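The entries follow the order in which I checked things.

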Amino acid sequence: MSTALVLGGGLAGLLAAAALGPYVRTVTVVEQDVLPGGPHPRRGLPQGDFSHILFGGGADALDALLPGTVEALLAAGAHRRRLPSGLLMRLGPGWLQGFDSTAYLIACSRHLLDHTVRQQLRGQAAVTIREGTSVLGLVGDAGQVGGALVENPDGSRESLPADLVVDATGRRSQAPRWLRALGFDGPREETVDAGLAYAARLFDAPGGNRDFPVVSILPVPGRRRPGRGATIIPIENDRWIITLSGTRAGEPSRTESEFHTFLRTLDHPVVHDLARTARPIGPIRTCHGTLNRRRSYENGAPAGFAATGDAVAALNPVYGHGMAVAAQCAVAIRTALDTEGLHPQVGAAIQQRITRVLDTPWSMAKEQDRGFPGARSSHPATGGPATRLTRWYTDRLLRAALTDPTAAAAYFDVFSLAAPAARLTAPSVALAALRPRRADPLTVTEAIARFSRVAELVGPGRPPGQA
Ligand SMILES: Cc1cc2nc3c(=O)[nH]c(=O)nc-3n(C[C@H](O)[C@H](O)[C@H](O)COP(=O)(O)OP(=O)(O)OC[C@H]3O[C@@H](n4cnc5c(N)ncnc54)[C@H](O)[C@@H]3O)c2cc1C
C-alpha cells in the first residue's frame with residue numbers, strides 16, 4: 001500500500017495524516033475549506049468559536065504524533081492547568097479541593113490549536129492538503145473502497161485513487177450514504193441526545209490569565225430539571241471564553257439579558273460574578289446539535305476504508321473529549337500500521353483499535369446524558385443490576401473525589417483520558433470510594449480562596465453583584 005486519502009482536514013484528519021505519513025508514499029488530505037494562514041475562523045469548523053479544552057490524554061497523543069506541539073501551543077499563549085488543582089469547579093454536591101495529580105488540560109482557542117497542528121504537520125513530506133476541495137462520494141464497490149470522488153475549487157470533478165481512505169469529515173459525515181451508494185450497508189448507529197445547547201461569548205480577562213483557573217459549574221444529571229452549567233476557559237491573549245450549557249428545556253439563548261440571568265440562576269453564581277468584571281468582545285453565539293452518535297464501522301466496512309474522530313463517534317462536547325479522542329484515534333491508526341503492516345485489511349485493524357479508544361468516553365457521555373430529563377436514545381437503556389451498580393459506584397467515587405486525593409486523582413486520570421477506566425476500580429480507589437467520608441467538601445468561599453485572582457475579583461469583601 002502506498003497511497004492514503006484522508007477526507008476532512010479538521011483535527012482528526014490532520015492527525016490521521018500525521019499517523020499515516022511515515023507508512024505510505026503519499027497521504028492526501030481533502031478539505032472543503034481554504035485553510036486560514038493563522039489562528040482564524042473558517043466555515044467548515046463552526047464549533048471553532050466555542051471553548052475547546054484538550055485533556056491530557058489527548059495532549060500526550062498529540063505530542064506522540066507531532067512532537068513539540070504542546071510546547072508550541074504553550075509558547076503561543078495556551079495555558080496548562082493541573083487537575084483538579086487548576087480547577088475552580090463545582091462537581092455535583094460540592095467544590096473541589098486543590099489536590100494535585102498528574103492529570104492536566106490545555107486551554108486555548110480552537111483556532112490556535114488547529115493552526116499549531118497545521119504548522120507542526122508541515123515537516124511531513126508525505127502529506128499534502130488539497131484545500132477548497134469537497135468530497136462528493138467514495139469510489140469502489142461493496143467489497144473494496146478504492147478512492148474518493150472530489151470537486152475541485154474550479155468546479156471540475158475528479159476521482160482520486162487510494163489504497164486506504166480514512167473518513168474524518170466530522171459530525172456531519174456523509175460516509176454511511178456514500179457507502180450505501182457502493183452497495184454496502186451503512187454502519188449501525190446509536191444515538192443519545194440530551195438536547196444540550198451552548199451559548200458562548202469572548203471576554204477580555206480583567207488583569208490577565210496568569211494563575212487564573214478553569215472555572216466550571218457542571219450540569220448535574222439525575223435531577224427532575226434540565227442540566228444547566230457554565231465554564232470560563234482562560235485562553236491566549238488574556239481572554240476568556242464563557243460558555244453556558246443547558247439540556248433540553250433548559251437551553252441558553254443568544255440575548256444579552258438572558259445570558260446573565262442564566263448565569264445568575266445556576267447552582268452557584270460565581271461565573272456570573274466573574275463575567276460582570278470582564279468586558280465582552282463580539283456577539284453571543286449559540287450551538288445546538290450536540291447529540292452523541294456512534295457508528296459501528298468495526299462490525300463491518302469494505303476493505304480500504306476506516307473512519308476516525310467525530311465521523312465515527314461524535315460526543316456531547318460538554319465533556320470536552322472530542323479532540324482528545326481524535327488524537328488517540330490517530331495514535332490507534334499509527335499502532336495498527338506499525339503492528340499489522342500494510343495489508344488490504346488494515347482498515348478493519350484500524351477500526352478495531354479505534355473502537356477501544358472510543359469505549360470509555362462513549363460510555364461516560366451516553367450514561368451521563370441519559371440522566372437528563374427529555375433525553376432521547378435510539379436504544380433503550382439496559383437499566384439492569386450491573387448498570388445500577390456502576391451508577392451507584394460512580395456516584396460514590398465522585399463524592400469521594402471532593403474530599404479524598406486518591407479518589408480525585410483516579411477520577412481525573414480517567415476523565416482526562418490519560419488512564420483506562422479500570423483505574424477507577426483499583427483497590428486503593430475502591431477503598432477511598434467506599435469508606436465513610438472523613439471531611440466535608442469545601443465551601444464556595446474556601447474554594448474561591450484557593451485562587452487569589454478569583455478572590456480579588458469576587459471574593460470576600462466583593463459580594464456578588466458588586467464585583
Ligand atoms: C460547541 C462545541 C464545543 C466543543 N468543545 C470541545 C472541547 O472543549 N474539547 C474537545 O476535546 N472537543 C470539543 N468539541 C468537539 C470537537 O470540536 C470535535 O470532537 C473535533 O473537532 C473533532 O474533529 P474532527 O476532525 O473529527 O471533526 P471537525 O473538526 O468537525 O472537522 C471535519 C472537517 O471535515 C471537513 N469536511 C466536512 N465535510 C467535507 C467534505 N464533504 N469534503 C471535504 N471536507 C469536508 C470540514 O470542513 C472540517 O474541516 C466541541 C464541539 C462543539 C460542537
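**Entry 1: an aromatic pair**

I note here that the model is a predicted one. A search of the whole structure gave me 7 aromatic pairs. I then looked up the geometry of Phe-50 and Tyr-198: the ring centres are 6.2 Å apart and the planes stand at 35 degrees, so the pair is tilted. The cut-offs I needed for that word are these: planes under 30 degrees apart count as stacked, and planes over 60 as edge-to-face.

Where do the two residues lie? Phe-50 is in the loop between strand 2 (26-30) and strand 3, and Tyr-198 is in strand 14 (residues 197-204), so the pair ties together parts that are 148 residues apart in sequence. I also wrote down one aromatic cluster, formed by Phe-55, Tyr-411, Phe-412 and Phe-415.

**Entry 2: the ligand**

I turned to the ligand next. Which residues come nearest to the ligand, of the 33 around it? I listed Glu-31, Ile-53, Arg-110, Asp-310 and Met-323.

I then went through polar backbone atoms. One of Gly-10 is 3.5 Å from an oxygen atom of the ligand. One of Ser-51 is 3.1 Å from a nitrogen atom of the ligand. One of Gly-320 is 3.3 Å from an oxygen atom of the ligand. The ligand taken alone exposes 990 Å², and the protein buries 94% of that.

Which elements give two or more residues to the shell around the ligand? They are helix 1 (11-20), strand 3 (52-55), strand 9 (134-140) and helix 8 (322-340). Helix 8 supplies the largest share, 3 residues. Sorted by type, the shell has 13 nonpolar, 16 polar and 4 charged residues.

I checked helix 1 for burial.

I noted the buried ones as Gly-56, Gly-57, Gly-58, Ala-59, Ala-61, Leu-62 and Leu-65. What covers the buried residues of helix 2? The cover includes helix 1, strand 3, helix 3 (69-75), strand 7 (104-108), helix 4 (110-121) and helix 8.

I looked up Leu-88, which lies in strand 5 (residues 87-91). Leu-88 has a relative accessibility of 0% and therefore counts as buried, because buried means under 20%. Leaving out residues up to four places away in sequence, Leu-88 touches a list that includes Trp-95, Pro-213, Val-270, Phe-451 and Val-454. I also checked Leu-88 against Arg-356: they are 268 residues apart in sequence and 31 Å apart in space, C-alpha to C-alpha.

Thr-247 is in the loop between strand 17 (239-246) and helix 6 (256-264). Thr-247 also counts as buried, at 0% relative accessibility. Beyond residues up to four places away in sequence, Thr-247 touches Ala-194, Gly-195, Leu-196, Pro-226, Gly-227 and Phe-372.

I found Arg-453 in helix 14 (residues 452-458). Is Arg-453 buried or exposed? Arg-453 is buried, with a relative accessible area of 12%. The side chain of Arg-453 makes a polar contact with the side chain of Glu-456, at 2.7 Å. With residues up to four places away in sequence left out, the residues that Arg-453 touches include Pro-206, Arg-210, Asp-211 and Phe-212.

**Entry 3: backbone angles**

Most residues other than glycine have a negative phi, and most peptide bonds are trans.

The peptide bond from Leu-83 to Pro-84 is cis, with omega near -5 degrees. Pro-84 lies in the loop between strand 4 (79-82) and strand 5.

Asn-237 has a positive phi, near 60 degrees. Asn-237 is in the loop between strand 16 (228-235) and strand 17, and at 62% relative accessibility Asn-237 counts as exposed.

Asp-238 has a positive phi of about 55 degrees and is not a glycine. Asp-238 lies in the loop between strand 16 and strand 17. With a relative accessible area of 41%, I wrote Asp-238 down as partly exposed.

Definitions and conventions
Residues are numbered from 1 along each chain as its sequence is written. This is a predicted model: local features need pLDDT of at least 70, side-chain atom pairs count only at pLDDT 80 or more; totals for chains, interfaces and linings use all residues. Side-chain values use heavy atoms; hydrogens and water are left out. Helices (H or I, at least four residues) and strands (E, at least two) are DSSP runs, numbered from the N terminus. Buried means under 20% relative accessible area, exposed over 50%, partly exposed in between (1.4 Å probe, protein chains only). A polar contact is a pair of N or O atoms within 3.5 Å; within protein, one must be able to donate a hydrogen and the other to accept it, and residues adjacent in sequence count only if both atoms are side-chain atoms. Contact means heavy atoms within 4.5 Å. A residue is near a molecule or strand if one of its heavy atoms lies within 4 Å of it. Accessible areas come from the Shrake-Rupley method with a 1.4 Å probe; for residues, only the protein chains shown count as cover. Ala, Val, Leu, Ile, Met, Phe, Trp, Tyr, Cys and Pro count as nonpolar, Asp, Glu, Lys and Arg as charged, and the others, Gly among them, as polar. Rings of Phe, Tyr and Trp (its six-membered ring) pair if their centres lie within 6.5 Å; planes under 30 degrees apart count as stacked, over 60 as edge-to-face and the rest as tilted.
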